[in-house]
Amino acid sequence: MRTGVWLVGARGSVATTSIVGGLALRAGLAGPTGCVTELPALRGPALPPFADLVFGGHDVATTPLSKRAEALADTGVIPGRLVAALRDELAAVEQDLRPAPVGVTQADRVATVVDDLTTFRTRHRLDRVVVVNVSATEAAPRPHPGHADPAALRAALDGPDEVLPPSSLYAYAALLADCPYVDFTPSTGLRLPALAALAEQRRLPYAGHDGKTGETLVKSVLAPMFAMRNLAVRSWSGLNLLGGGDGATLADPAANAAKVQSKQRVLGETLGYLPQGNTRIEYVEELGDFKTAWDLITFAGFLGTGMRMEFTWHGCDSALAAPLVLDLARLTAAAHAAGHVGPLADLGFFFKDPLGTPTHSLAEQWARLTDFTQRLHAGLDAGLDGGLDAGLDAGLDGGHDHAV
């Protein structure tokens, strides 16, 4: 199943690491450490092989992909030997990277993205293209009447207003181009009534949002432990220090607030109450693509005895996120082939603020993910009309010549 992976924010650190990683796996130059879909419980025939992944994308930046990869190698994010060995492959991907769309109206920009996606699919004879948003975090958008339903949105986009934030504009274009959409960021993306309705109309799956790679990953393990042992969490405070482009973006208060809201939700929904404390995110340029999180938890046990726990997480966000981007592209492509429509709740394992699932427990999310994937491999998740084999027909879920 030849699958396009179209990355919004394609020259960023996460996207560049994903591309280098995917190319290295295809060439047999690296192992799949960090790729959840290569664990025995998930591996199987429904997922497109790494060798069948083809990369493209959009970005506002213009730095050549090879230069971005060299910069990441210089800071220890990816091995320099891989950048040298994959220079020709990176140059080939460069030919499929497009500038962020421009146009008088948002409808014009949507049309450009749709054309870019359909041209990419046709040129590489792809069975499907999965659009993955790994761009900078946005502030929450202002409400607009066009967010209510597809007809109102279509009419509004022809006007002068900036109706959709960039993440949602790309999501809208993805749907019009018959592409499943994954939001790895806390931005709005497809979380608008008009876009959710359009996904249903066009029979497309989507997943998100905000990839779970560090502190929140640990929270999703620890919070259920406190709940299951009936221990009362009194406070949970965290300090996140990060550099790189993501850290610079989150220095903006509005973007910072959107990220913090996503990170905090796991506690309230897992514990059933929100303890004292908050999560702070601070930009430390010197840290580059690495991040450090420190958490302090105070809790009470039997007879009110007070106790505390602390943990520190130091990791490389791009190296943690990139294999998950590849996993999500493979799983979403398989779900699309099997006829799934709407939010892919069973992919909640990958997200801080998952769509369509009530649980934030990593163990419960893992159980749902393994069951979902095993059903895909068994051909049992024929969501709509004909199942996996029918879904693998390249012409089923949207031809390559669809236009706005």
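Reply: Helices H5 and H7 cross with a right-handed sense. The model is predicted, and in it H5 spans residues 106–123 while H7 spans residues 166–176. Their axes come within 9 Å and cross at roughly 50 degrees, which makes H5 oblique to H7. From H5, the residues in contact are Gln106, Arg109, Val110, Val113, Val114 and Leu117. H7 meets them with Leu169, Tyr170, Tyr172, Ala173, Ala174 and Leu176.

Turning to the strands, E2 covers residues 53–59, and seven of its seven residues are buried. In a regular strand, side chains alternate between the two faces of the sheet. In E2, one side carries Leu53, Phe55, Gly57 and Asp59, and the other carries Val54, Gly56 and His58. Residues on both sides are buried, so each of these faces is covered, taking buried as under 20% relative accessible area.

With E1 (residues 3–8), the pairing is parallel and runs over six bridges; Thr3 has Leu53 of E2 as its bridge partner. Between E1 and E2 the chain passes through helix H1 (residues 13–27), and this β-α-β crossover is right-handed. With E3 (residues 97–99), E2 again pairs in the parallel sense, over three bridges. There, His58 has Arg98 of E3 as its bridge partner.

Definitions and conventions:
Residues numbered from 1 in each chain as written. Predicted model: local features only at pLDDT ≥ 70, side-chain atom pairs only at ≥ 80, totals over all residues. Heavy atoms only, no water. Buried < 20%, exposed > 50% of the residue type's maximum accessible area, 1.4 Å probe, protein only. Helix = DSSP H or I, 4+ residues; strand = E, 2+ residues; numbered from the N terminus. Pairing = 2+ DSSP bridges. Right-handed = clockwise from strand over helix to strand, strands pointing away. Axes fitted to C-alpha atoms, helices over the stretch in contact; angles between N-to-C directions. Parallel < 35°, antiparallel > 145°, perpendicular 65-115°, else oblique. Left-handed = near helix turned anticlockwise from the far one by under 90°. Contact = heavy atoms within 4.5 Å.
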